[in-house]
Amino acid sequence: MARKKQNQSIKNDFFGDIQSALGLPPDLVCRSLFVQGEQTVQCVYLESMVNKKTIDEYILKSFTENTFSEGEAPLSAESGFLREFSFSDPYEQLREHAVKALLAGHCALTDFSRERVCLINVTESKQRSIEEPKSESTIRGPHEGFTESILTNVGLVRKRIRNPFLRFDKMNIGNQTGTTLLMVYMENLAPESLVREVRGRLSAIRTDSVLESAYVEEFIQDRIWSPFPTLTNTERPDMVAAQLLDGKVAVMVDGTPNVLLAPMTFFEFFSSPEDYYQRADIATFIRWIRLISFFTAVFVPSLYVAATTFHQELIPPQLLISLSAQREGVPFPAIFEVLLMEVVFEIIREAGLRMPRAVGQALSIVGAIVLGQAAVEAGLISAAIVIVVAITGITNFVVPVYSFGMSQRLLRFSFVLLAGFMGLFGILCGALFLVAHLVSLKSFGVPYFTPASPSIGTDWKDVLVRLPRPWLDPNGLPGYIRNMKRKR
Amino acid sequence: MKPMISRFQFYLLTINYILGTTLFVLIGRLVVQAGQDAWLMPLWAGSFGILVGLFWIFLFRYYPGKSLVQIPLEAWGRSLGTLVSVLYFLYFCILAGWVLRNLSDFLNGTIMPETPKTVFHVMFLLVAFYTVAQGTEAIGRLNQIITPFLFFPFWFVLLLAMVNWDWGRLQPAFHSDLGAILQYHSFLGFPYMETIALTILFPLVKQGATRPFLLGLMTASLSLSMTLFMIIGLLGVERASQLTFPVYTTVQEISIGEVIVNIHSIISVILLILIFIKLLVLVYGASETLRQVFRPKTRWPHFLGLTILLSATALSIYENPIQNEEWDEKYTFIYDSFFVLLIPFLLLVTTWVKRTFEKRKGG
Amino acid sequence: MTNRYAAGLFILMMFTALLTACWDRTEMNELALVSMVGVDSDPESDKITVYYQIINPLSGTSAKGTSGGEQAPVYTYEISGSSFGEIKSTIYKMLPRKLFMAHCKVLLVSQRAAKQDMRDIVNFIEMQPNGRSSVPMLIVDGPLSQVMRTLTPLERVPSDTIDSRVDLLIRNSLLVGKQIKVSDVIERMEKSDTIVLPLITGMTEAPSSNSGERSADIDANQNNFIIRGGAVFRDYRMAGKLNDTQLVWYHLLNGDRGRHVRQFQVEGKQVSVELRLVRIKREVFWKSDQPVVRIRLDLELSTAYTIEFVPKSRNEVERLENRLNQIIADESLAFYQMIRERGWDLLSINDLLRKQTPNHPDIDQAAKNAQIEIRANTRLLRTGSMSQPYGGTG
């Protein structure tokens, strides 16, 4: 009897308890239903997280309109989106569950007569509509992009792969944020060892918060000390679908449109989903342009420094004469000029990202005229440097994956320093170091530099060239994925 | 699982190791020795190299899965074996010092006359040790990635030089003193007998190292022979024998139109990378010897120590190239023979004695 | 963990040691771009004089848009000393920038220096770390300083003018051969061959060194130099000269393939034909212990520049060809006799015999006694755009 009394007081206090647990939030709503003067049902939810229409029409209406026979439950537990707790359970646990559920967009329904609490999912998170991803726009191909809502994203992937083997493994990571993560893979295509590895790394994450997929990326990448990304992120569902069909694993994080993909190899950063939406010859040509741009972006400033300050004999005589005429009267050494202009360029770029769009025009004028032309005319820098910086700046954006472009920038600066100190020898040492690093790097057990080394012959069909579809393997998994599956 | 390198990778490694410093240290000297028939020398020296290689392989058959430094440990016991391994370690160090010194001499003599030698040494050593620290696979893969960038530009550049070709320079063929050619024994020592450093990798090659090693020796000899052939045809015996770096000069003199002038930097980059690969194998040999004999827990202090040791060795290994040349002509063969022929031979004898003894015991 | 930090720190410290590098760093505007080198030596005082012609980068297009039209395109520095090594250091008494030899295009040697000994000169060129020995070498007939101080019309930089003139002459005439580079000189001299290098002569006694004045003058023959004749070299010494007529035969017999136009007297008529060597074959026979060298020349004829007479029938063509064969064989044989009298082995018969019979005891003597047979075989392959030159009715 004492127990019952206690429960009664708890029941009366339930709303107050939750209110204090959440710290009196302004969007907490409690609605009570009185049938025949007696409080039968109390419904608690966070107004900002739920779809009120659902609550009104499907839950509360059923209490007010229907006349229940005694003992019949207005809601049945089988409906799936409902979890039921009894007040006879330990109260602390009950409250914790309820709070968590409320934060996830459930509503808590206390049924006084039957002494239980139902948690019903009525989530409707505020989200924007599906738009074209700004950072990865294409000419041809789908223009849909992921949104911040993970369910929408799941739908976008499902729409493309209608296959029962498509798996979504759910986990919650982040002690404070409790973010939902989905590990997506094709059970019949992805190698088991890979799936196990990704799952292992994900569940080993110990962190307070996950607000973006980059949080996860830093935890599960193979090596911290590397400028190269071993995972890629994309906002394009078609890219994710293509990679899933290649046997890879995607990680979706709730609250961000960026989906992680693993494993990634070096050469895959040069291919983009658009390659497959175009004729093979054009795609091959563009792929070569990307490779050339990579080398240009990384090496041109350093080669310029090396050639003009150490190995002038490399420059054809006529060019050397005009370059040295340009340098006449320039006060700084060439390496300093290059570093200065590169830094200035990076600043302009960073400013361009943050600045209100209306100021953009002004900035480009300042950048182009003041920093380019005026600096040359004032004799601060030589004209050739402006060309060098412009070329590297433009080629930097050619690589389809933004994070890979970032690593190019880092490399560029270190190569410029090396070239400034040791000329070509410095660049050579840097390049050897880079190759040594690249060949030893691994992405989830896959050597980063495959298929170049270790070489996988069949994969060459889709690296430096993109062969026409009919010539590619019809169920073409990448060679390293096949190897992983075989090893199992 | 042991890190493994594939057969093809080992094959490429063998070639690049042999070509390593040879391409620019030895070409001039070989031409001095044999005149217009110098291109024959790598062929017979290569066949000698293959014989020596077969000899090692014969020894390794008795100790499957064991490396060069583990064999003495097993055959002669811990103390004597350790001593021999340390000898090998020092041998690798001295070879590496030599390679580094050749590198800095080359750079000082051609493109960077004023930079101190130590800078070159330390830079290359840092990169080499970084690679070694990444493991055996990294060495094989690095070499595999780089080889096409060596092979194609090298022959392409030499082909560009063909504008200066003259068959007359190679005549009369087969007319030099063949006896003198055969007597030039230091060519056997360097580079062929130095390939013993590659045997450290023998147990790590998938499906056996025998064939790639011998094929690599053959290919490298053929490439050397081809290069000599072209150098003589392009420069002539008179100049090739007097210049310090004939390959470099050949390319330096290419001028096709206004654009393709002074492309010798390409050849210097190729030569530098070849030297790097040779250095890499030697450094790997030295550090691996230490690891296999003393089994340290952390390896970076060794790398650091070796960097300092090797850069000092390189600086003091000879005072001037004249000393180096004299050493090379008089003592290289004997010096190398001690490590390459004598010790393996003694090991083989011990093994035979042990085996027969055990058989008798067992029987 | 502390150890790892220590290691990292140590490596960083090593890197800082590298940061002090830049030993070989030279900015482009610290370089003196040498375009031409002239070498002279006085046999009496044993003094060596080197002229460096250095490009003035500002004379061309300038970065700041100001035209450097008033400035001289090149400056000539003259420095003398007792050895070449010394000059390398003492040049900086006058020159404010670092000598940069890699783009040097021409080497000029004065005639009096060439007559003494050229060994030092070629070694001097070959020894330089960033210099190339694939530059053409020309001998100056007359005072070297005059040529070094001549500003040439059209090509602003004098070395460019020499370089392109030599190229054009190699292609369009037989007056200059291909093997005139320093490296060729070394190779042929080491083989104790005899070679011919082009001669260059200044055209005015006191050239104007003011570029403004120079570029305002219409007469390109004023203040210029001319490539004319050849200097014969034996054992690194200049032994004599060849005139332009002899040069043609020399280059033809040495396998140069320039298209040369020359006038021949055929059946009492003057005919200018263009010759081009297609193939040269040299064979050695031994006739009673004496070598006989048979040279066979296959030549391609063109009447593209024939303004006097164009053969019309097959018969006429054959007659022209036969006649030319005869003239070429005779004249080149006469040329050979001339050089043999002077003791010049300009056809490298010595080398030829050595290659054929490396074991012959006395090659020099055999080469001297060698008999020469020259056979020419010409074929008319191209005619001009006129089937018959205009000549009126007469």
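In chain B, the axes of helix H5 (residues 117-133) and helix H11 (residues 264-294) come within 9 Å and cross at roughly 60 degrees. Axes here are lines fitted to C-alpha atoms over the stretch in contact, with angles from 0 to 180 degrees between N-to-C directions. H5(B) and H11(B) are therefore oblique to each other; under 35 degrees is roughly parallel, over 145 roughly antiparallel, 65 to 115 roughly perpendicular, and the rest oblique.

Which residues of H5(B) and H11(B) make the contact? From H5(B), they are B:Phe124, B:Ala128, B:Phe129, B:Thr131 and B:Val132. From H11(B), they are B:Phe276, B:Leu279, B:Leu280, B:Val283, B:Tyr284 and B:Ser287. Contact means C-beta atoms, placed from the backbone, within 7 Å.

A word on the source. This is a predicted model: local features need pLDDT of at least 70, side-chain atom pairs count only at pLDDT 80 or more, and totals for chains, interfaces and linings use all residues. Residues are numbered from 1 along each chain as its sequence is written, while chains are lettered from A and ligands numbered from 1 in the order in which they are written.

Now the whole chain. Chain B has 14 helices and two strands. Those are DSSP runs numbered from the N terminus: helices are H or I, at least four residues, and strands are E, at least two. The C-alpha trace of chain B spans about 75 × 45 × 40 Å along its principal axes. Of contacts in chain B between residues at least 6 apart in sequence, 84% join residues at least 24 apart.

Note on methods. Two residues are in contact if their C-beta atoms, placed from the backbone, lie within 7 Å.
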